[in-house]
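Keep the structure open as you read.

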Amino acid sequence: MGGQPWRLVLTGAAGGIGAAFAQALAPHCVSMVLVGRDAAALEALRARLGCGLVRVVAGDLAQEATLAAVGDAAGALGGVDLLINNAGVNAFHDFQTQDAASLRSMLDINLLAPMLLTQRLLPQLRAAPRAQVVNVGSLFGYLGYPGFAGYCASKAGLRAFTQALRRELADTGIAARHFIPRATRTPINAGAVDALNAEMGVPVDQPQDVARQLLAFLDGAAWERKAGLREALLVLVNQLLPALPDRAIRGQLAVIQRHMPGHSRRQTTRSS
């Protein structure tokens, strides 16, 4: 990867895609702030990286104290010129029976936390000659899908935030960008999602594959990357001819519902 060595802040670094991002980016960074909930996993990752200028911040990004700690850590390492908002949560569930805390968590972590962290770090990003804010989105930010109502809403919001920020910062050296991986084999997907993907024949990437795609994306100039030709085509069809995916997904609904947590409980409640 060419260009400048980065001063990186990476959220969701404790595992899955985030840990793969950290390992792939380490040779290209002069400093790294790794953020996640699992302190032990972050420390283990720092040990594997063997880099001198690596700090870890363990905490909940929905908490103000964690956002402040990230800002302080980046400042102590000389600032940030690459912010990757990767942390995310997902809860595949029937919407009617999904608890409010789960919905709030998805909006807090997937949407509000990237907005507030970006806002907090903007002074440091502006101080760099050039900088990037990369928000890790989802195909479901473009495509509403049964069982993912809260997740789709949060990722659609993240996409809109990224586009608006990109345009707002157009006269600065900061590029706001949107990176969309395909379905990936990580702990964020519960067993039900893995089972659904397997039955539907959904292609699933490994975290290391996604990390390589991210490195290529950072070297490019496009504001957004959708991984997978099939997925990009699906997004286009959904935008131009939404009735087509409506019918296709309606045909898949019985299969989706069979894997969807909370759906059978709702049916039982109705019949009682």
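This is a predicted model: local features need pLDDT of at least 70, side-chain atom pairs count only at pLDDT 80 or more; totals for chains, interfaces and linings use all residues.

R182 is partly exposed, at 25% relative accessibility, where partly exposed sits between buried (under 20% relative accessible area) and exposed (over 50%), using a 1.4 Å probe and protein chains only. Its side chain meets that of D205 in a salt bridge, 2.7 Å from N to O; the term means a side-chain nitrogen of Lys or Arg within 4 Å of a carboxyl oxygen of Asp or Glu. D205 lies in the loop between α6 (191–200) and α7 (207–219) and R182 in the loop between β6 (174–180) and α6, so the pair ties together parts 23 residues apart in sequence.

Residues are numbered from 1 along each chain as its sequence is written, and side-chain values use heavy atoms, leaving out hydrogens and water.

The structure has seven salt bridges. Another one joins R258 and E199, at 2.3 Å from N to O. That pair links distant parts of the chain, with R258 in helix α9 (residues 243–259) and E199 in helix α6, 59 residues apart. R258 is exposed at 55%, and E199 is partly exposed at 39%.

D209 and R212 pair up too, with their closest N and O atoms 2.4 Å apart. Both lie in helix α7, three residues apart, or about one turn of the helix.

Notes
Helices (H or I, at least four residues) and strands (E, at least two) are DSSP runs, numbered from the N terminus.
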